[in-house]
Amino acid sequence: MNQFNQKLEQIANLPDNWDGYGACIIPEKVLENTETVLEKVIFTEKELLEDLDMYPNPNGTISFIYDKNNYIMNLEIGIINHSLYISKNNEVLIYKNEEIHDYTYRSLKIYIRKYILNKYS
């Protein structure tokens, strides 16, 4: 089991009010969506893994954050939507807030490859 699967398991076990300020339990559907993003997007791009972090949000979503070489990426996974924000040198390169469907995983991968990894295929 890798670090992201371990962290996802820890997040899945967080109790209600896990932050002491009223944070909600992470819904099962968010955990499932996050696992799919890990499998279909994150794990396929090994260059991301070293500089990527994953954490729960008090509103019941899960975020991935990447910060390297003046690039910042924040990918937030919810029940029905995901949002992707990528900037370089504080200039927004892309912001997407979309419903999660099978084809959105492919578009996420394309955006990450293009803007973060500088791969255009």
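Along strand β1 (residues 52-56) of this predicted model, the side chains alternate between two faces. Strands (E, at least two residues) and helices (H or I, at least four) are DSSP runs numbered from the N terminus. Strand β1 pairs with β2 (residues 62-68) in the antiparallel sense over five bridges, pairing requiring at least two bridges found by DSSP. Leucine 52 has tyrosine 66 of β2 as its bridge partner. Five residues lie between the strands of this hairpin, in which glycine 60 takes a positive phi near 100°.

Helix α1 (residues 3-12) packs with helix α2 (residues 28-42) at an angle of about 175°, the axes being 11 Å apart. Axes are lines fitted to C-alpha atoms over the stretch in contact, with angles from 0 to 180 degrees between N-to-C directions. The two helices are therefore roughly antiparallel, a term applied to angles over 145 degrees. Phe4, Leu8, Ile11 and Ala12 of α1 make the contact with Leu31, Thr34, Glu35 and Leu38 of α2, contact meaning heavy atoms within 4.5 Å.

In α1, Phe4, Leu8 and Ile11 are buried. These residues fall within an arc of 60° seen down the helix axis, so they line one face of α1; the arc is that of the directions from the axis to the C-beta atoms. Their cover includes α2, α3 (46-49), β1 and β2.

Residues are numbered from 1 along each chain as its sequence is written, and side-chain values use heavy atoms, without hydrogens and water. Because the model is predicted, local features need pLDDT of at least 70 and side-chain atom pairs count only at pLDDT 80 or more, while totals for chains, interfaces and linings use all residues.

Terms used:
Angles under 35 degrees count as roughly parallel, over 145 as roughly antiparallel, 65 to 115 as roughly perpendicular and the rest as oblique. Buried means under 20% relative accessible area, exposed over 50%, partly exposed in between (1.4 Å probe, protein chains only).
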